[in-house]
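The following questions and answers are intended for a reader who is new to this structure. Please look at the sequence and the model first.

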Amino acid sequence: MSFPTEGVHQSPTGIGGFDEVALGGLPAGRPTLVTGTTGSGKTVFAVEFLARGISEFGEAGVFVDFEETPTGIRENMASFGFEIAAWEAEGRWAFVDASPDAREQVVVGAFDLGALVARIAQAVRTVDAKRVVLDSLATIFARFPDPGLVRFELARLVIALKELGVTAVITAERDQEYGSIAGFGVEQFVADNVVILRNVVERGNRRRTLEILKFRGVPHRIGEFSFAIVPGEGISLLPIALIAEREHASLERVSVGNAELDRMLGEGVHRDAVVFVSGPTGTGKTLLATTFAAAGASVGQRSLLLSFEESREQMLRGAQSWGFDLEAMEGAGLLRVLGTYPEEASLENHFVTLRKLIDEFKPERVAIDNLSALQRVSTPRGLRDFIVGIASYLRRSEISSMFTSTTATLLGPDSVTEAHVSTLTDVVILLRYVEVAAAVRRAVCVLKIRASAHDTRIHEFTIDGEGMHVGPVFDGMGGILSGSVSPWSIAAEPSSSSRAGQ
Amino acid sequence: MYVTGTALRSAVAVGNLRAICEALVRGAYEIDVVDVRKQPELAEQDRVVATPTVLRLAPEPPRWVIGDLSDRRLAALALELADPEAPYERGA
């Protein structure tokens, strides 16, 4: 079956982040197959599709439950704040209960699902539904002896749904995360639009993803997108897709809190910049993050300092040793310091919590120390989604942000996070230990900064009770970023900076 | 008996049910045919999914049989109108 590529409208679902990935919503007036293994979130997706239709778009819905009873659905979904019973009383939600029951059903001879189709059509008419959910098809196959007959009947049901002009979500089970779309060959009759929900374990970490496999005649984003199932809210996709959609870049510049570093950056960074600080342990990343947040608060900008590595108390103590009184800033309502451990929640839930925090506190600056700690509870792809999601969210809100990450080795450049993330950020500040004449010293350099001139040379820096001090350029030496310094024997390589430094 | 419209299958099913009743409980039965397209609210009430579906209301407890009852012997047994031990004599 094929549809014309034009004239297919999309119906926004209202499911957090989904409509961005779907570039508008589900194909309107058509059925979409939502498949996934047990526990992948199909029913939550389906229920939220109807709930958002009612609460956000004034569209009534019909829920056809093959699996659970209406009572079960009402109870299970109450935790998301969906007031199904109230909507039923208002005539905006109707159940068609096709769940298995205790009645003994004997099949003798041929049959069809005419009664089900008639009941659905009646329910759609009664509440004037624009949305219909069928959840989930596997159960109906289990109830009747002939899968071929059930498949044929369901195909007729799908045609009936199209004739009713409703936007439908049909869920179906699949038994493996990567493989055939769904069991019982259901993709044969609802193949035009397919969304796959996955619940995969990669390197011991669980990750939920959503993929739009196809929307016939409707553009959509491709690939797997991480999502969380959030109590009180529903499904929340990480808006990774939004990274490219930068409406306008800010030209206003803000200080990172250190005058010398500001100079290296070319008078601070753009207000909507995402600054990435990378270095081995002990080089001063937490100091830079703290300085960045405190600098915001000291000029009256609300700032958020979040640590995935240290407790709040540790953060406050550390700041005090560098001369920052963070508690006073908090008292003035300009700063919030939070310490949380990665293990406290899944990465997706950390994302949602952080986003809520940002929405509530409305900071102008956010510093997050340290992303590498999140590797403990994440896959590389999951972490990348998280960082891109946060970065794009902050940038869209024109919030200045700084993320830190730890390089795996004390000397040298390698870091998984760094390799994945630096392409997504505007500014990368590298902190390194260098060995010079049998002594370990610290080096700082600015790797890239979008749309502005900066000092590309490598400077030495020190840390004392007043914070970070950027010193002179490591002159006449090479191999600093690799960690082991050697004097330049040939002066053929010109200095990469055209600016006069010291 | 719930049926959908006036399709051939509906007529076959009603005919089979009537034949079974005539053979086994003549004069002591009443068949009410419900078209789910005309009375979907009844189907909703009884939570009927498939058609044809026979709902034997009396005697208690109710019995449900789905299908066109083309195997009358089996249908009679499923509706508990025939003694499973007794040989089936008429109407088949």
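The questions below begin with the model itself and then turn to its chains.

Q: What kind of model is this, and what pLDDT do local features need?
A: This is a predicted model, in which side-chain atom pairs count only at pLDDT 80 or more, totals for chains, interfaces and linings use all residues, and local features need pLDDT of at least 70. Residues are numbered from 1 along each chain as its sequence is written, while chains are lettered from A and ligands numbered from 1 in the order in which they are written.

Q: Which pattern does chain B follow along the sequence?
A: Chain B has three helices and four strands; helices (H or I, at least four residues) and strands (E, at least two) are DSSP runs numbered from the N terminus. Of its 92 residues, 36% count as buried, a term for residues with 20 or more other C-beta atoms within 10 Å of their own, where 12 or fewer is exposed, in between is partly exposed, and C-beta atoms are placed from the backbone. Read along the sequence, the pattern of chain B is β-α-β-α-β-β-α.

Q: Which element of chain B gives the most residues to the side that touches chain A?
A: In chain B, 27 residues are in contact with 21 residues of chain A, contact being C-beta atoms, placed from the backbone, within 7 Å. Helix 2 (40–46), strand 4 (63–66) and helix 3 (72–78) of chain B each give two or more residues to this side. With four residues, the element that gives the most is helix 2 of chain B.

Q: Which residue of chain B is the bridge partner of A:Val107?
A: Strand 6 (residues 105–107) of chain A pairs with strand 4 of chain B in the parallel sense over three bridges; pairing requires that DSSP finds at least two bridges between two strands. In strand 4 of chain B, the partner of A:Val107 is B:Ile66.

Q: Which strands stand at the edges of the open sheet of nine strands in chain A?
A: The strands of this sheet follow the order 5-4-7-8-3-9-10-11-12, and the pairing is mixed.

Q: Is A:Asp272 buried or exposed?
A: A:Asp272 is placed in the loop between strand 14 (269–270) and strand 15 (274–279) of chain A. Because A:Asp272 has 21 C-beta neighbours inside 10 Å, this residue counts as buried.

Q: How are helix 12 and helix 13 of chain A oriented to each other?
A: The axes of helix 12 (residues 347–361) and helix 13 (residues 380–396) of chain A come within 10 Å and cross at roughly 10°. Axes are lines fitted to C-alpha atoms, for helices over the stretch in contact, and angles run from 0 to 180 degrees between N-to-C directions. Angles under 35 degrees count as roughly parallel, over 145 as roughly antiparallel, 65 to 115 as roughly perpendicular and the rest as oblique. Helix 12 and helix 13 of chain A are therefore roughly parallel.

Methods. Contact = placed C-beta atoms within 7 Å.
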